[in-house]
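Colleague: I would like to learn how to read packing and pairing in a model. Can we take it feature by feature?

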Amino acid sequence: MKNAVHFGAGNIGRGFIGKLLADADVEVTFADVDVPLVDQLSHKQEYKVKVVGTECKIDTVTHVTAVNSASEEVIDRIVKTDLVTTAVGPNVLDIIAKTIAAGITKRFAVNNDKPLNIIACENMIRGTTHLKGQVYKHLDASLHSKADELVGFVDSAVDRIVPPAEAANDDPLEVTVESFSEWIVDEQQFKGEIPDISGMEKTDNLMAFVERKLFTLNTGHCVTAYLGCLKGHRTIREAIEDPEIYADVKQAMRESGEVLIRRYGFAPDMHNAYIEKILSRFANPYLVDEVDRVGRQPLRKLGANDRLVKPLLGTIEYGTENKTLLKGIAAALKYHNSDDPQAVELQKSLKELGVSKTLALYTGLKEHSKEVTKIKAIFETL
């Protein structure tokens, strides 16, 4: 494989997937609607990534360019590319689906019958399968069978903490990422040869890893953020260094972890080591990640298939402990952020409908269930 089109030239796009692809000698074309960012990338054709772990190092990513994702140029790139990846956020997938469909249509029109693989690298379960459904809405029905044959829609699980760029940084293209990264793809969904990309791990049991990440990193991250907000902490690191919050976050991840152990047969000692690794990542001294960034979009995070309620539903299924997950959900209801439309909507709903009806509306939990009753009781004590 020689080239890829990557939708989303933001911090995650540049610092995670774009970097892994470029490091594997793939020529990456970023597609984005941010005109100044596209201009800078297409002009410089390189950028710096600060990789922080136990130490800090700076890598330079080269052989990259950028195009406007609303232009005809991106469609022409899809016609010739080997791989399409995304890091745009779940809500934007539906928007770029039309562009991808146009690229596939033009690709077939010029008789390019090489396999094309598409991987959505988003914080959502089976995000690429969702994207496929949206692409097919814009793809003429006469092309569906050919697309089924030649276009692989490959689901993935992604994990890397990429905080916003530091305001003091005078290089707008530089991005900071943690040294840990995990990109796991469903090897059964590729068309043609699976590309050999260092840092892209193949599995035939993707859901185990999707839920491991969702129930551990994502659950722990947002519980840290919401409890941190309540106690006035500014960053994730400040919050996780609070002993009371640390204990709650660790317990919440153990509760969600018990679901994973029962559902997928993860070895308890190995999963507990994974939890410890996540906790150490939250305390990374080089990462300045604000609790408001991690806590934003609370309605999405309270969804039935997301990081708080999905593990809770697992504890109900297996009859296991969930008191700290319930506390995390109660803390999410306390999240105030006037710059976040979802946080504003959540607080409006709580004021107008109350806790129980709001939970039923956004989480799918039954209004009079014992879990909702317990969350309401905890909410009133926070």
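Colleague: In which sense do strand β6 and β7 pair, and over how many bridges?

Modeller: First, a caution: this is a predicted model. Now the general idea. Strands of a sheet pair through backbone hydrogen bonds, either parallel or antiparallel. Here, β6 (residues 83-86) and β7 pair in the parallel sense, over four bridges.

Colleague: Is β7 mostly covered or mostly open?

Modeller: Start with the faces. In a regular strand the side chains alternate between the two faces of the sheet. In β7, Leu116, Ile118 and Ala120 point one way. Asn117 and Ile119 point the other way. All of them are buried. Strand β7 (residues 116-120) is thus mostly covered, with five of its five residues buried.

Colleague: Next, helix packing. At what angle do the axes of α4 and α5 cross?

Modeller: Two packed helices are described by the angle between their axes and the distance between the axes. The axes of α4 (residues 90-109) and α5 (residues 127-138) cross at roughly 60° and come within 8 Å. The two helices are therefore oblique to each other. The crossing of α4 past α5 is right-handed.

Colleague: Which residues make that contact?

Modeller: From α4, Leu93, Asp94, Ala97, Lys98, Ile100, Ala101 and Ile104. From α5, Gly127, His130, Leu131, Gln134, Val135 and His138. By class, the contact residues are seven nonpolar, four polar and two charged.

Colleague: What is the strand order in the open sheet of three strands?

Modeller: The order is β9-β11-β12, with mixed pairing. Look at the edges. β9 (156-159) and β12 (200-203) each have a single partner strand, so one side of each is left without a neighbour in the sheet. Direction ignored, neighbouring strands are turned by 20° against each other on average. β11 (residues 182-186) and β12 pair in the parallel sense over four bridges. Val185 has Lys202 as its bridge partner in β12.

Colleague: Which helix packs on this sheet?

Modeller: α7 (residues 206-230), which touches β9, β11 and β12. Its direction makes about 30° with that of β9.

How values were computed
Residues are numbered from 1 along each chain as its sequence is written. This is a predicted model: local features need pLDDT of at least 70, side-chain atom pairs count only at pLDDT 80 or more; totals for chains, interfaces and linings use all residues. Side-chain values use heavy atoms; hydrogens and water are left out. Axes are lines fitted to C-alpha atoms, for helices over the stretch in contact, and angles run from 0 to 180 degrees between N-to-C directions. Angles under 35 degrees count as roughly parallel, over 145 as roughly antiparallel, 65 to 115 as roughly perpendicular and the rest as oblique. A crossing is left-handed if the near helix is turned anticlockwise from the far one by less than a right angle, and right-handed if clockwise. Contact means heavy atoms within 4.5 Å. Ala, Val, Leu, Ile, Met, Phe, Trp, Tyr, Cys and Pro count as nonpolar, Asp, Glu, Lys and Arg as charged, and the others, Gly among them, as polar. Buried means under 20% relative accessible area, exposed over 50%, partly exposed in between (1.4 Å probe, protein chains only). Two strands pair if DSSP finds at least two bridges between them.
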